[in-house]
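Take a look at the model below. Keep it in view while you read.

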Amino acid sequence: MSGITLDQFKVFSAIVETGSFAAAARQLNRTQSAVTYTIQKLEEQTGMALFDREHYRPKLTKSGQSLLPHAQKIMATVTSYRTHAESMVRGLEASVSIALSQFAPNASLIKLLADFQTRFPTVRVGISTITVQTTEKLDNGSADLALLPEFIPLGSTYRRASCGAVPIVAVASPDHPLAALKGKIPVEAMEAHSQIITSGRDIPDLRRNYAVQSLNYWQVNDLETKRLLILGGVGWGGIPEHMVTNHLADGTLVRLDPVTWDGLDHMPELNIVFAYRQDKPLGPAAQWLFDQLSATMLSGNHYNI
């Protein structure tokens, strides 16, 4: 079967689509004899007849019916290849990578990515999760964009758009000793019970013990594990409100009210930003994503971020 060409598949498909050799010739702007020769050559190389020519209109043989989807799939793959290559020549990037913090609600971004897929069908998207604030993935080039909390200002190295704020709540299971305390909970009571804290996956050693209230703490590197440990009564901890809204509503977790939290007299809110490095300009697709999410936040259509 050596020597089979994409053009032969194109003629094969055109005959099926138009219903005749003559109509295919007109569609392809060729002579009917050229179309006939192309199919005869394809049948010869394939080793079997693709059309039954005994009827007024050519009819696919069983072999032709079986092979047609393969020919069409090959043509579609080549078309996709050409489209992708042409997009890259025009400057459209092959892929966009996003680092997504677990502290940041992702509903807005996911909704936007559905639009992104329609607008940029040839651009692949890679998403990796991070936990605490870290720009490491932006700095080492493994992420083009990052949606993350800005505990401390990132500085002018990074262009960023504000994506709202995420309230942090202190919670415990309803049978935890702290859950029985009414009103403001003193520091001494918080210190007496194990706290579940979060460290970064890429930075496992705590450089500063943010919001560590307890003398005894358990350390995890993702918020989902933290949530499960708190639900299981292993300890108490602070967690983004959006992760425990349902649990607070059904009573499987209760909200705690500490007297102080990391030096504050109230529970904090984390500013969420969408960021990239100024010295690493975005490609057209990534820039569109950044601009659209920024515009969404400015317009107030946050849909749960």
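## Ground rules

This is a predicted model, where local features need pLDDT of at least 70 and side-chain atom pairs count only at pLDDT 80 or more, while totals for chains, interfaces and linings use all residues. Residues are numbered from 1 along each chain as its sequence is written, and side-chain values use heavy atoms, with hydrogens and water left out.

Helices (H or I, at least four residues) and strands (E, at least two) are DSSP runs, numbered from the N terminus.

## Helix H8

Start with helix H8, residues 223–231. Which of its residues are buried? They are Leu223, Lys226, Arg227, Leu229 and Ile230. Buried means under 20% relative accessible area, exposed means over 50%, and partly exposed lies in between (1.4 Å probe, protein chains only).

What do the buried residues of H8 pack against? Their partners are strands S6 (158–172), S7 (195–198), S8 (217–220) and S9 (237–240), plus helix H9 (245–250). Contact means heavy atoms within 4.5 Å.

Now check the two ends. At the start of H8, a side-chain oxygen of aspartate 222 comes to within 3.2 Å of the backbone nitrogen of glutamate 224. Just after H8, glycine 233 has a positive phi of about 80°.

## Strand S3

Strand S3 spans residues 95–101. Six of its seven residues are buried, so S3 is largely enclosed by the rest of the structure.

S3 has a parallel partner in strand S4 (residues 124–130), and seven bridges join the two. Two strands pair if DSSP finds at least two bridges between them. Serine 97 has glycine 126 in S4 as its bridge partner. How does the chain get from S3 to S4? It passes through helix H5 (residues 107–119), in a β-α-β crossover that is right-handed. Right-handed has a set meaning: with the strands pointing away from the viewer, the path from the first strand over the helix to the second runs clockwise.

S3 also pairs with strand S5 (residues 145–149), in the parallel sense, over three bridges. Here leucine 100 stands opposite leucine 147 in S5.

## Two positive phi values

Most residues other than glycine have a negative phi. Asparagine 29 is not a glycine, yet its phi is positive, at about 60°. Asparagine 29 sits in the loop between helix H2 (21–28) and helix H3 (32–46). Is asparagine 29 buried or exposed? It counts as exposed, at 72% relative accessibility.

Aspartate 262 also has a positive phi, near 55°. Aspartate 262 belongs to the loop between strand S10 (254–256) and strand S11 (269–277). With a relative accessible area of 35%, aspartate 262 is partly exposed.

## Salt bridges

Side chains of opposite charge can pair when their charged atoms come close. How many salt bridges does the structure hold? The count is nine. A salt bridge is a side-chain nitrogen of Lys or Arg within 4 Å of a carboxyl oxygen of Asp or Glu. The table includes three of them.

| Side chains | N to O distance |
|---|---|
| Aspartate 7 and arginine 30 | 2.4 Å |
| Glutamate 43 and arginine 53 | 3.0 Å |
| Arginine 277 and aspartate 139 | 2.7 Å |

Aspartate 7 lies in helix H1 (residues 6–18) and arginine 30 in the loop between H2 and H3, so this pair ties together parts 23 residues apart in sequence. Aspartate 7 is partly exposed, at 29%. Arginine 30 is partly exposed, at 29%.

The salt bridge of glutamate 43 and arginine 53 links helix H3 to the loop between strand S1 (51–52) and strand S2 (59–60). Glutamate 43 counts as buried, at 11% relative accessibility. Arginine 53 counts as partly exposed, at 39%.

Arginine 277 is buried, at 16%, whereas aspartate 139 is partly exposed, at 32%. Asp139, Arg277 and Asp279 form a network of salt bridges.

Methods: Polar contact = N/O pair within 3.5 Å; in protein donor to acceptor, adjacent residues only side chain to side chain.
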